Amino acid sequence: MKTINKKLIALEGNAAVALAMKQINPDVIAAYPITPQTEIVMYFSQYVADGVVDTEYVTVESEHSAMSACIGASASGARVMTATSSQGLALMWEMMYIASAARTPIVMPIVNRALSGPINIHGDHSDAMGARDSGWIMLFSENVQEAYDNTIQAIRIAEDPRVRLPVAVNLDGFITSHAVEVLETLPDEEVKAFVRESKPWGRTLLDVDNPITMGPVALTDSYMEFKRNQREVIDNVMPVILEIGEEFNKLTGRKYSIYEEYKLEDADVAIAVMNSTAGTTRVVVDELRNKGIKAGLLKLRVFRPFPYKELVEALSHLKAVAVLDKADSMGSLGGPLFGELRSAFYEAKNKPLMLNYIFGLGGRDVTPDLIHKAYKETYKVLETGRIPEKLYSYLGVRE
Amino acid sequence: MSLPKWYELPPGIYIEGGKEAGKYQTGGWRTFKPEVDFNKCTSCMFCWIYCPDSSIITKEQKMVDINYDHCKGCGICAHECPVKAISMLEEERVL
């Protein structure tokens, strides 16, 4: 590992993401403010006003327009970023599908916040989970450090010639976005070198000598071939994510993979969870371990593409897994993570018992006590062998 | 003509060449057809400015015809024409 002048500073998540964006210095940002993401675009607009970035900052009247402007700019060959939350993301959905189909490598931090209704400004994953089928790569970040690191890596993942897909970098609203944490930042020139120069790829709209028509209609005779083609791309991005994680590790000493495990190797029961709750769970795992209880944790970083094989490999030795979803999927088997993880095990030889907890909706506080409760209940189900009729339950709801 | 298989498609959603929209003859969507009375027309070009489908044909800075392969019959030209030289007639009656 070469010696670089890394700096320890205290920043809130939004400021750290904005700093990463400044260091990336994208060609174009089109964004619209929304709680709890507002500070990202606020800090960034200050960078633009101060002249410390070369970015063309496009102010727009809505998130739908923000994503539309991003697609247009990206199609012209520019390096493009935006950021949003909740209803803003929902307003982008229509364009998000077009961004992925058009292979425009836009990078977008999503500061996760609950969707209405009832209206709420606090953190849960219902915004991101609604966009899970939009063809975007989705990374999740436990803390401020990971939000900063994932934002930088996302540029490389998105723009890799084998990928060329948009990437969403998720971080929990308020818990991560507004909490001041100490993180290690890279010098500007190291980020610049890591993300490399932005180079237009393939055919671009501004190549007037070789004109193309972008976004043509594809009806019954062609639409399906386009979708199948897109499927192949996202199905094969995992090696690239790992490769770039490895390169980032060499630069920073921080490991980035598909998931992170904590005391999982010899565990009986584990919790699988994404984003900031992994931090709380880690504390509970230590408390249980002190009592001689073999608890473990799996924190998922890459939700799209969903690492079916890798997760089966990581969890099949367990007796039981409690999957914690910070979003519900109304009317389905349980939360989105649970549904996918449970389905992944259908063909597996060794299947842990699997339960689902929906937690933290609308920013409901997730205390270590609640995590203890989830472990305790899962152990109980394991001991009695009595699987509840409903596979999901709400953790931390008044009942 | 055999259409490309999924793995033969280019990355993204584009096709070679510009002006592809011209290949789609959308005139068939029309219910009302604009008819120009050239005795009234002053070639002020308002219709040319306003036409959303670029269907006003001009020659030597004069309005000479309408491209009926692409005119969808929206009637904006007739509405904007300051000398009322364009009238919208139902296709059936025209036929």
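Residues count from 1 along each chain as its sequence is written, while chains are lettered from A and ligands numbered from 1 in the order in which they are written. Because the model is predicted, local features need pLDDT of at least 70 and side-chain atom pairs count only at pLDDT 80 or more, whereas totals for chains, interfaces and linings use all residues.

**Stop 1: strand 7 of chain A**

Select residues 167–172 of chain A, which form strand 7. Helices (H or I, at least four residues) and strands (E, at least two) are DSSP runs, numbered from the N terminus. Six of the six residues of strand 7 are buried, so the strand is largely enclosed by the rest of the structure. A residue is buried if 20 or more other C-beta atoms lie within 10 Å of its own, exposed if 12 or fewer, and partly exposed in between, with C-beta atoms placed from the backbone. A:V167, A:V169 and A:L171 point one way from strand 7, and A:A168, A:N170 and A:D172 point the other way.

Two strands pair if DSSP finds at least two bridges between them. A:M108 has A:A168 as its bridge partner in strand 7. Strand 6 (residues 137–141) of chain A also runs parallel to strand 7, joined by five bridges, and A:F140 stands opposite A:N170. From strand 6 the chain crosses through helix 6 (residues 144–159) to strand 7, a right-handed β-α-β crossover. Right-handed here has this sense: with the strands pointing away from the viewer, the path from the first strand over the helix to the second runs clockwise.

**Stop 2: helix 3 of chain A**

Select residues 63–75 of chain A, the 13 residues of helix 3. From first C-alpha to last, helix 3 reaches 18 Å, close to the 18 Å expected at 1.5 Å a residue; the expected span is 1.5 Å times one less than the number of residues. Buried residues of helix 3 include A:M67, A:C70, A:I71 and A:S74. Their cover includes strand 2 (28–31), strand 3 (56–59), strand 4 (80–81), helix 4 (86–101) and strand 9 (212–214) of chain A. Just after helix 3, A:G77 takes a positive phi of about 105 degrees.

**Stop 3**

Select residues 295–300 of chain A, strand 12. Its six residues are buried, six of six, so strand 12 is largely enclosed by the rest of the structure. Strand 10 (residues 259–262) runs antiparallel to strand 12 and is joined to it by four bridges. Strand 11 (residues 269–273) pairs with strand 12 in the parallel sense over five bridges, with A:A272 opposite A:L298. Helix 10 (residues 277–290) carries the chain from strand 11 to strand 12 in a right-handed β-α-β crossover.

Next, select strand 14 (residues 320–325) of chain A, where six of the six residues are buried. Four bridges join strand 11 to strand 14, and the two run parallel; A:A272 stands opposite A:V323. Strand 15 (residues 353–359) is also parallel to strand 14, over six bridges. Strand 14, helix 12 (residues 336–344) and strand 15 make a right-handed β-α-β unit.

Pick out A:V269 in strand 11. A:V269 is buried, with 25 other C-beta atoms within 10 Å. Among the residues that A:V269 touches are A:A295, A:A320 and A:Y375, a contact being two C-beta atoms, placed from the backbone, within 7 Å.

**Stop 4: the nonpolar cores**

A nonpolar core is a set of buried Ala, Val, Leu, Ile, Met, Phe, Trp, Tyr and Cys residues joined through C-beta atoms within 7 Å. The largest has 121 residues, and those with the most contacts inside it are A:A16, A:C70, A:V167, A:A270, A:I271 and A:A272. A second, separate core of nine residues includes B:I56, B:I66, B:C81 and B:A85.

**Stop 5: where chain A touches chain B**

Show both chains: 18 residues of chain A are in contact with 15 residues of chain B. Helix 8 of chain A gives the most to the side of chain A that touches chain B, with four residues. Finally, select strand 9 of chain A with strand 1 (residues 14–16) of chain B, which run antiparallel and are joined by three bridges. A:M214 stands opposite B:Y14.

Note on methods
Lists of a residue's contacts leave out its neighbours within four places in sequence.
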